[in-house]
Amino acid sequence: MITKRIIACLDVHGGRVVKGVQFVDLIDAGDPATQAARHAREGADEIVLLDITATHEGRQTLLETVRRTARELFVPFAVGGGIRTADDAAQVFEAGADKVSVNSAALADPTLIDAIGRSFGAQAVVVAIDARRDPRAADPVRDAQVFVQGGRKPAGRRVVEWAREAEARGAGEILLTSMDSDGMRTGFDCELTAAVSEAVGIPVIASGGAGTVDHFTDVFGRGKADAALAASIFHFGVSSARALKEELAKAGVSVRLPC
Amino acid sequence: MRVTVIDYKAGNLTSVLKALRHLGAEVEVTDGDLAPVGLAERIVLPGVGHFAATQRLDVTGLTPAIRAAIERGVPFLGICVGMQWLYAGSSEAPSQPGLAHFPERCTRFSESHEKVPHVGWNSLEARSGSRLLAGVEPGEFVYFTHSYKAPVTADTAAVTHYIEPFASAVERGNVMGVQFHPEKSAATGLKILGNFLSWEEKGTE
């Protein structure tokens, strides 16, 4: 039976894992390679590394970080942040990533999705979407507004139609972040997640809002998510991805255990 | 031990090379030079992407070279599209023939309410006596990402269920294939790659 994935997410700035709220008050939280290996050892089904440096000088640091992190990592490994061209993606793959996540650059030029998919296969392209419900829209959920630049600027797209276009262009997965829920710890936006998951035939990874184990159970059920991102897993009252999955299994969610 | 990895420009080899090296293999890569295949001790054909990409194996002459190596008894492992290539063909690219070492054809998952591609960790039901999957306990999980699959036959080494039962591993003598990605399947995947690396003719059955 296919299992629901728990994906550990590392925010990286200048080659270090950082923690903070809305990218401010960043606290150094260690070495990405060490942290990724620990998450894999402790049961994470996949690792996502998001580079929030996004400066030109930061690119070489990122590639070196990806190389070091990938070296001893034998679970799927996705990298996002600042990937603007197919050539940027090629360098990240060469450094050892299995998937790249694209967001603002794909909205600016959707053919980026086609280009990466053609060279590396659809399974290697994750399209990240940051969306916020639009109370003025006819359907506030399906027509949630898509944002770029870390949520600062509306992209002029609606979540369901953009997710469908991404799929049609060859995206392998959608990483959907609810900006309304992000950082709130009040639960994932299950309606938003379900709307996107039902609209596309590719897996949807839910992100934003997790505060308890029950929130994960909810997004896998009501939210119809195929995977969920656990940004700071230790905030959920569990010690590891394995402990989270043990709780999910008790609630009837199919997960990879033992792991 | 030395492993010859075939590069036919279908996706990224980095993860496969890394896992083989991690297990102590000396890895060489060929993308068209036939000499390494002629001297190969073990061959791995990875592959993520489209079945049509295997056309490059025909264009470069790698197909007959690999067939000859298999007939010499060289252990061969196909991964993902590399496993599908062992069959007669795939409905993903109907005009492109496979090696036809196994006579069946690969097909897309049937239409259903489930998502295609099949992405994520799913379990294996390994056939007893499989040397490739020796030590893999019932229900161990491996990582999949694919839309096409091989049918269950007498050569099937493991069955996985998604929409319908399909062959997640195939094995006949020195010819082996896995639909999942052992290089991305944590300890279980490394165990399977290790079994391939230690596979010997008239081995430890």
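This is a predicted model: local features need pLDDT of at least 70, side-chain atom pairs count only at pLDDT 80 or more; totals for chains, interfaces and linings use all residues.
**Stop 1: chain B as a whole**

Along its principal axes, the C-alpha trace of chain B spans about 45 × 40 × 30 Å. Of the 205 residues in chain B, 53% count as buried. Among contacts in chain B with a separation of 6 or more, 67% come from residues 24 or more positions apart.

**Stop 2: the sheet of chain B**

Stay on chain B and colour the strands. An open sheet of 8 strands runs in the order E2-E1-E3-E4-E13-E12-E11-E8, and its pairing is mixed. Which strands of chain B are the edge strands? They are E2 (26-30) and E8 (125-126), and each pairs on one side only.

Now select residues 76-79 and 175-178 of chain B. These are strands E4 and E13, which pair in the parallel sense over 4 bridges. For one such pair, pick Leu77(B): its bridge partner in E13(B) is Met176(B). Strands of a sheet pair through backbone hydrogen bonds, either parallel or antiparallel.

**Stop 3: strand E5 of chain A**

Move to chain A and select residues 77-80, which form strand E5. Show the side chains. In a regular strand the side chains alternate between the two faces of the sheet. Here Phe77(A) and Val79(A) point one way, while Ala78(A) and Gly80(A) point the other way. Are these four residues buried or exposed? All are buried.

Leu50(A) stands opposite Gly80(A) in E5(A).

E5(A), H3(A) and E6(A) make a right-handed β-α-β unit.

**Stop 4: where the chains touch**

Show both chains again. The contact takes 27 residues from chain B and 26 residues from chain A. On the side of chain B that touches chain A, the elements giving two or more residues include helix H1 (14-22), strand E9 (141-146) and helix H6 (186-197). Which element of chain B gives the most? Strand E7(B) does, with 6 residues. By class, this side of chain B has 11 nonpolar, 12 polar and 4 charged residues.

Definitions and conventions:
Residues are numbered from 1 along each chain as its sequence is written. Chains are lettered from A and ligands numbered from 1 in the order in which they are written. Two strands pair if DSSP finds at least two bridges between them. A residue is buried if 20 or more other C-beta atoms lie within 10 Å of its own, exposed if 12 or fewer, and partly exposed in between; C-beta atoms are placed from the backbone. A crossover is right-handed if, with the strands pointing away from the viewer, the path from the first strand over the helix to the second runs clockwise. Two residues are in contact if their C-beta atoms, placed from the backbone, lie within 7 Å. Ala, Val, Leu, Ile, Met, Phe, Trp, Tyr, Cys and Pro count as nonpolar, Asp, Glu, Lys and Arg as charged, and the others, Gly among them, as polar.
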